[in-house]
Amino acid sequence: MDTRIAIIGIIVEDIDSTGVVNDILHDYSMYVIGRMGIPYREQDINVISIAVDAPSDVINTMAGKLGKVPGVSAKAMYSGASIQKEQG
């Protein structure tokens with residue numbers, strides 16, 4: 001199975017959407033390498049960076065679901081290399 005390393009950048013402008021964002025991240029937690037959240041209180045937004053190791057279609061689906069949440073923007077940035085993992 002080929003996987004990619006990617007960063008998903010998330011900006012949450014509607015604080016009421018954080019529960020939905022966390023639910024989505026929980027659903028994909030097996031792919032998450034790490035997570036960093038920065039509350040930008042002066043602008044009343046949250047900036048979240050998620051590092052993932054997953055197949056490209058999973059990363060695209062995850063970023064798409066996050067981007068469809070009201071008040072949330074999400075984009076994925078991929079590494080150049082794919083990684084071959086043994087299934088098992």
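Let's start with the strands: β2 and β3 (residues 45–54) run antiparallel and are joined by eight bridges. Strands here are DSSP runs of E with at least two residues, while helices are runs of H or I with at least four, and both are numbered from the N terminus. Two strands count as paired if DSSP finds at least two bridges between them. Keep in mind that this is a predicted model, where local features need pLDDT of at least 70, side-chain atom pairs count only at pLDDT 80 or more, and totals for chains, interfaces and linings use all residues. Residues are numbered from 1 along each chain as its sequence is written, and side-chain values use heavy atoms, with hydrogens and water left out.

- β2 and β3 make a hairpin with four residues between them, and D44 in the turn has a positive phi of about 55°.
- Across this pairing, M36 sits opposite S49 in β3.
- β3 also pairs with β1: nine bridges join these two, and they run antiparallel.
- In that pairing, I11 faces V47 in β3.
- β3 is mostly covered, with eight of its ten residues buried. Buried means under 20% relative accessible area, exposed means over 50%, and partly exposed is in between (1.4 Å probe, protein chains only).

**The nonpolar patch**

- I11, M36, I38, Y40 and V47 form a nonpolar patch on the surface, and together they have about 410 Å² of accessible area. Such areas come from the Shrake-Rupley method with a 1.4 Å probe, and for residues only the protein chains shown count as cover.
- Patch members need over 30% relative accessible area and no salt bridge; nonpolar side chains (Val, Leu, Ile, Met, Phe, Trp, Tyr) are joined within 5 Å, and like charges within 9 Å. A salt bridge is a side-chain nitrogen of Lys or Arg within 4 Å of a carboxyl oxygen of Asp or Glu.
- Strand β2 (residues 32–40) gives the largest share of the patch, three residues.
- I38 lies in β2, and it counts as partly exposed because its relative accessibility is 41%.
- Leaving out neighbours within four places in sequence, Y40 is in contact with I45 and N46. Contact means heavy atoms within 4.5 Å.
- The C-alpha atoms of Y40 and I10 are 13 Å apart, with 30 residues separating them along the chain.

**Two buried residues**

- T3 is part of strand β1, and it counts as buried because its relative accessibility is 2%.
- The side chains of T3 and D53 make a polar contact (2.7 Å). That term means a pair of N or O atoms within 3.5 Å; within protein, one must be able to donate a hydrogen and the other to accept it, and residues adjacent in sequence count only if both atoms are side-chain atoms.
- T3 and I83 are 80 residues apart along the chain, yet their C-alpha atoms are separated by 5.1 Å.
- S17 sits in the loop between β1 (2–12) and α1 (18–27), and at 6% relative accessibility S17 counts as buried.
- A polar atom of the S17 side chain lies 2.5 Å from the backbone oxygen of P70.
- Not counting residues up to four places away in sequence, S17 touches V69, P70 and V72.
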